[in-house]
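Work through these exercises with the structure open beside you. Try each task before reading its solution.

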Amino acid sequence: MDITVKRRSFKNPHSKGSLWDPFKLSILRLSPHYQIHNPVMFVTYIGSLMTLFLGFYSIYMPNDGSPSFIFQVSLWLWFTVLFSNFSEAIAERRGKAQAESLRKARQEVEAKKIKNPTDRNFILIPATQLRFNDLVYVETGDTIPSDGQVIAGVASVDESTITGESAPVIRETGGDRDAVTGNTLVLSDWMVIRIACHPGETFLDRMISLVEGAKRQKTPNEIALSILLAGMSLIFLMVVMTLQPFSVFSVEKSGHGSIISITVLIALLVCLIPTTIGGLLSAIGIAGMDRLIRNNVIATSGRAVEAAGDVSALLLDKTGTITLGNRQAIAFYPAKGVNIQELAEAAELSSQADETPEGKSIVRLAHEKYSVKPTDLTNFEYHFIPFSAETRMSGIKLKDRTILKGAVDKILNLIKSEKGTVDENIVIKVEEIARSGSTPLMISNDGKVLGLVELKDVIKPGIKERLGALRKMGIRSIMITGDNKLTAATIANEAGVDDFFAESTPEEKLKLIRKLQENGQLVAMVGDGTNDAPALAQTDVAVAMNSGTQAAKEAANMVDLDSDPTKLIEIVIIGKQLLITRGALTTFSITNDVAKYFAIIPAAFSSTVPGLALFNVMGLQSPQSAVLSAVIFNALIIICLIPLALKGVRYRPLSADKLLLNNTLIYGLGGIIIPFVGIKMIDILISITGLI
């Protein structure tokens, strides 16, 4: 099976003409109501307003400073705010382009509403009128009107509008493949579907709202960083406010020099507060969500994207996640003195009411390999014994005998309680089947063991290599399954997981997750079944397969549209990219303030304290040129870093120490050097053009 992910072709947000909408949005967001949500940029916004006022004031009060200089400073402060808005708007544009693509996939359809699963007399109603728990009938050529659960029938479905994958999938009642998605196409056969959502709340509707970057909520780390940046801005604000009295005092005491202007103080404040990361912070978070979408993963929580970057343990359900899904019956093994035909007939009879894929495969094996004729039960007195999690058995009770099929330990305990005997060769065969990685089911007839059915799990191709890649990232993989220990051990070894837990119940899965979390680990889980839902709800990063049940998708905070369990590798990389990018640009923002400090401080106070001119190590042309150069650089660096914020810093599987060292050397040292070069070049251009 090819698990290569096929990407959906979304409109490129950087294509021709696509930048106009973000630019318009950037201008619309130049309002105090919007800017107040970003403390750093709000300070810059207030500075822009004040310098604009001072520029007009200086026209009428010439002694307050050069109107040309003040207006130029004000213009570039406005550009700083505008570029910050633009970085966020262009990141949101990506999500909106994808949402538009999804809207095109949504279409108005009519639903064939029925009264009960056996009724084929339907009435046609618009899909928008369907309500939770309504029943609809779909057949070849129909569009599935809404999300739901298959309660009867089996059909081939084209889900390419949702997943981008052209290969059809089978949806059927029973097992973990009974969830269907609205606006997908039935290619063959028929199904009865119970609607599982309210109007406007389909999976496609949720996808559209989730990819809208504007609706993204800030994550805890982002909120914490915003508080830190606000605190730094407040400190710099208090420091700058003291400089004006200091300047007045120095001039009055020395009797020479001039008082530092309000315009220069505002420029100093804006250049010293971390405007670079403040302007890019939202764009980094939105871009992280966008990269997930491009990997066909829908995240319902920004918190989960961040947590993915720190995951240390991964829990994998075996069936449908590590294996292809449904176990298939591949062989019958009769007990001593039992004819294989007799075993095949009993297995077929006991599976007549078993609608699970495994039960159907037993019936199919008996018919195709052993030529057992389909049983006609109309002439029999019978009732079916349903499977239950407690008994782990099912079967059929006839007038003269009872045939049971189920877990080996349960059948054996039942036979021993009835003083029956067991063929030792069958016990040996049970262990042999388990060691091979298959699952044995036992068939009995009135307390006599007839033999075994071998159910075979198929490991998904490439999963061992993918789990090895996770191991290199420091993530421990744990397989959890309800199978016996021998079967689980074989599958775990073949799949390459680090550990496994066999015979697990939903309660035991929860206990394991809570234990790992109590030890300080962030836990991720990949699952697709209804029985996975409680565990998915408990984990920090919960990835549900799109092919899985509705309950699993509701409990998870991410849905993988490709239903690829190893997609967690991409999810982890994107999470780490998000954290590393935010850290790298924060480092760069803070360190480049150092260079701007050397540009502005000597220039700003050279008129008040002439001796400070000695610290003009950058050799800038004049105090006004130095201030304007720093302000221009402060604005332009935001626009220059937008591509990096959107693309993300490249992740490499290195230790935390090496990542920190690389981050410091590249973005810390770069944050100091680049402003020195950039401000000097701008200063030269200002001198050449005569702007000052």
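## Exercise 1: The whole chain

Task: Find how many helices and strands the protein chain has, and what share of its residues is buried.

Solution: Start with the elements. The protein chain has 23 helices and 20 strands. The model is a predicted one. Next, take burial. Of the 692 residues, 53% are buried. Residues 24 or more positions apart make up 70% of them.

## Exercise 2: Two helices

Task: Describe how helix H3 and helix H9 cross, and name residues that meet there.

Solution: First, locate the pair. H3 covers residues 39-60, and H9 covers residues 275-294. Second, read the geometry. The two axes come within 8 Å and cross at roughly 120°. The crossing of H3 past H9 is left-handed. Fourth, list the residues. H3 brings Val40, Met41 and Thr44. H9 brings Thr275, Gly278 and Gly279. Finally, sort the residues of this contact. Two are nonpolar, four are polar and none is charged.

## Exercise 3: A residue in a strand

Solution: Begin with the position. Ser477 sits in strand E16, residues 476-480. Now check the accessibility. Buried means under 20% relative accessible area.

## Exercise 4: Positive phi

Task: Find where Asn133 and Asp189 lie, and give the phi of Asn133 and of Asp189.

Solution: Recall the background first. Most residues other than glycine have a negative phi. Now take Asn133. Its phi is positive, near 75°, and Asn133 is not a glycine. Asn133 lies in the loop between strand E2 (123-126) and strand E3 (135-139). Its relative accessible area is 42%, so Asn133 is partly exposed. Next, take Asp189. Its phi is about 65°, again positive in a residue that is not a glycine. Asp189 lies in strand E7, residues 185-195. With 45% relative accessibility, Asp189 counts as partly exposed.

Key:
Residues are numbered from 1 along each chain as its sequence is written. This is a predicted model: local features need pLDDT of at least 70, side-chain atom pairs count only at pLDDT 80 or more; totals for chains, interfaces and linings use all residues. Side-chain values use heavy atoms; hydrogens and water are left out. Helices (H or I, at least four residues) and strands (E, at least two) are DSSP runs, numbered from the N terminus. Buried means under 20% relative accessible area, exposed over 50%, partly exposed in between (1.4 Å probe, protein chains only). Contact means heavy atoms within 4.5 Å. Axes are lines fitted to C-alpha atoms, for helices over the stretch in contact, and angles run from 0 to 180 degrees between N-to-C directions. A crossing is left-handed if the near helix is turned anticlockwise from the far one by less than a right angle, and right-handed if clockwise. Ala, Val, Leu, Ile, Met, Phe, Trp, Tyr, Cys and Pro count as nonpolar, Asp, Glu, Lys and Arg as charged, and the others, Gly among them, as polar.
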